[in-house]
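Hi,

Here is the structure I promised to pass on.

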Amino acid sequence: NKANVEIKSILLENVGTSTKLDIEEEVTEKPLSAKELKKIWTAATVIDGDTKEKFIKLRAYKGSAAKVTVPAKIGKTPVRYFDCDMPEHVTSVTFESEDITIRGSFRACKSLADKDGFIVINVGSKFILTDYIGEEDVNEIVVPDGVTENTSYALRLKKMKKISFPKGFKVLAEHSLSNCELLDTVNLPEGMEEIKQLAFIGCYSLKKLYIPASVNKIDSLSI
């Protein structure tokens with residue numbers, strides 16, 4: 001099908017009086033229909049109470065593919081919320097849209113973790129730390145370079161005493177470090193922008209916290 005074939009490059013090589021034509025072809029997959037997407041995703045249609053916009057919340061992935069693409073929309077309705085605990089056979093995840101909130105977990109997808117046990121998902125310009133599956137008894141965590149934000153509960157480790165976030169980190173999610181009772185040191189980078197609600201609730205050992213001047217939004221009950 002010519003519609004599904006994109007000719008990426010053509011190399012002409014003169015060999016004597018003959019010409020050799022090498023064509024590198026890439027077959028592009030046809031987008032799944034709304035009916036097909038509903039077979040592999042458990043989804044709910046939600047109406048925003050403020051804007052009255054209708055959007056889709058993904059609740060579970062039921063497909064068998066190892067390489068998963070999270071759709072930007074199903075039919076004409078945009079997908080705005082991802083709340084799926086992804087199964088262990090998933091080896092890569094691509095989000096079609098950056099305009100999506102991620103609350104799900106990739107903890108079972110061990111192949112997505114780096115050597116230290118961090119699972120970071122790329123969503124457009126954002127690099128989101130969703131899970132840590134490394135050593136649970138560590139006292140200190142250094143979040144990898146390049147991470148720009150995290151999901152809720154991604155970093156709640158009972159024995160953690162110190163955590164440092166990298167340059168370029170922007171948003172600390174709600175419940176990020178809640179109930180880390182031994183945590184006494186948090187290093188937040190200059191340039192950070194937002195601390196969401198209940199981020200430090202229950203951090204009883206945290207006596208002092210330096211918040212960079214760049215932070216322009218702190219939700220209620222963040223600390």
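S152 sits in the loop that connects β13 (149-150) and β14 (162-164); helices (H or I, at least four residues) and strands (E, at least two) are DSSP runs, numbered from the N terminus. Before I go on: this is a predicted model, so to speak of local features pLDDT has to be at least 70, and side-chain atom pairs count only at pLDDT 80 or more, while totals for chains, interfaces and linings use all residues. Residues are numbered from 1 along each chain as its sequence is written, and side-chain values use heavy atoms, with hydrogens and water left out.

Is S152 buried or exposed? S152 counts as buried because its relative accessibility is 16% (buried means under 20% relative accessible area, exposed over 50%, partly exposed in between, with a 1.4 Å probe and protein chains only). Not counting residues up to four places away in sequence, S152 touches R103, A173 and E174, where contact means heavy atoms within 4.5 Å. Its side chain also reaches the backbone oxygen of E174 at 3.0 Å.

That brings us to E174, which is in the loop between β15 (171-172) and β16 (185-187). E174 is buried too, with a relative accessible area of 14%. Its side chain and that of R103 are joined by a polar contact of 2.6 Å (a pair of N or O atoms within 3.5 Å; within protein, one must be able to donate a hydrogen and the other to accept it, and residues adjacent in sequence count only if both atoms are side-chain atoms). Leaving aside neighbours within four places in sequence, E174 is in contact with R103, S152, Y153, K196 and Q197. E174 and Y153 are 21 residues apart along the chain, and their C-alpha atoms are separated by 7.9 Å.

Y153 turns up again in the second largest pocket. Which residues lie nearest the centre of that pocket? They are R107, Y132, Y153, A154 and R156, out of 19 lining residues. The space in it comes to about 250 Å³. The lining divides into five nonpolar, six polar and eight charged residues (Ala, Val, Leu, Ile, Met, Phe, Trp, Tyr, Cys and Pro count as nonpolar, Asp, Glu, Lys and Arg as charged, and the others, Gly among them, as polar). For the record, on a 1 Å grid over the protein atoms alone, a pocket is an open set of points where a 1.4 Å probe fits, with protein on both sides within 12 Å along at least five of seven lines, and lining residues have an atom within 4 Å of a point. Grid points are joined across faces, edges and corners, and the volume is the space filled by probe spheres set on them.

Now the strands around β7 (residues 77-82). Strand β4 (residues 54-61) pairs with β7 in the parallel sense over three bridges, and I56 stands opposite V79 there; two strands pair if DSSP finds at least two bridges between them. Strand β6 (residues 73-74) runs antiparallel to β7, with two bridges, and K73 has P78 as its bridge partner. In the hairpin of β6 and β7, with two residues between the strands, G75 takes a positive phi near 70°. Two bridges also join β7 to strand β9 (residues 101-102), in parallel, with Y81 partnered by T101.

Overall, the protein chain has one helix and 18 strands, and buried residues make up 37% of its 223 residues.

Cheers
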